[in-house]
Amino acid sequence: MKFKSIALVLALSSAIGAVAAQQPAAQPQAQAAQTQQLTPEQQAQLARQDAEMTNAAQQVVQMIDANRVGEVWDLSTSAVKQMLPRESFVQQVGADRARLGAPTQRGQAVVSRTQFREGGEVPAGLYINIAFPTVFANNAEPVRELVSFRLDEDQIWRVSGYSLR
């Protein structure tokens, strides 16, 4: 899957970041148990999807590293654009990055999946979250850099959030 086929949709950065941070620690264990119940073919398909989504997340953070934050927002869906104006997103990410400095090292990505139901802060749907432990120039400890994707109604994964925690 090429990144260009994953149209970017960005905005739920604070909502997804906050909700993902509140997920119970047992979730990865539950995910591991579910993975063990999959056939070898399903496990291979899941591994391919993890690799593709990790590649797409790396492209998103590289765009942000290159100070192309507005371009990321420009590719978002209308629903996202209604939730967070371009200027607000660019200012928020810019302020976070200015405080932390340039990224100096990104660790191995951790992939997780989340299903949100109707009625929450985040639109219902299936999400894949890619978290990188990232060291920034002005911060000695790694920061969790999170890129979230949502499977939209047209069955295309789109970026739905970016946050630093």
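With which side chain does the side chain of Glu145 make a polar contact? The partner is the side chain of Arg97, at 2.9 Å; a polar contact here is a pair of N or O atoms within 3.5 Å, where, within protein, one must be able to donate a hydrogen and the other to accept it, and residues adjacent in sequence count only if both atoms are side-chain atoms. The model is predicted, so local features need pLDDT of at least 70 and side-chain atom pairs count only at pLDDT 80 or more, while totals for chains, interfaces and linings use all residues. Residues are numbered from 1 along each chain as its sequence is written, and side-chain values use heavy atoms, with hydrogens and water left out.

Glu145 sits in strand β4 (residues 139-151); strands are DSSP runs of E with at least two residues, helices are runs of H or I with at least four, and both are numbered from the N terminus. Glu145 counts as buried because its relative accessibility is 0%, buried meaning under 20% relative accessible area (1.4 Å probe, protein chains only).

Val61, in helix α3 (residues 40-65), is also buried, at 1%. Leaving aside neighbours within four places in sequence, Val61 is in contact (heavy atoms within 4.5 Å) with residues including Arg97, Glu145 and Val147. Val61 and Val147 are 86 residues apart in sequence, yet 7.9 Å apart in space, C-alpha to C-alpha.

Val147 is among the residues with the most contacts inside the largest nonpolar core, which has 27 residues. Such a core is a set of buried Ala, Val, Leu, Ile, Met, Phe, Trp, Tyr and Cys residues joined through side-chain atoms within 4.5 Å. Helix α3 gives the most to this core, seven residues.

Notes: Buried means under 20% relative accessible area, exposed over 50%, partly exposed in between (1.4 Å probe, protein chains only).
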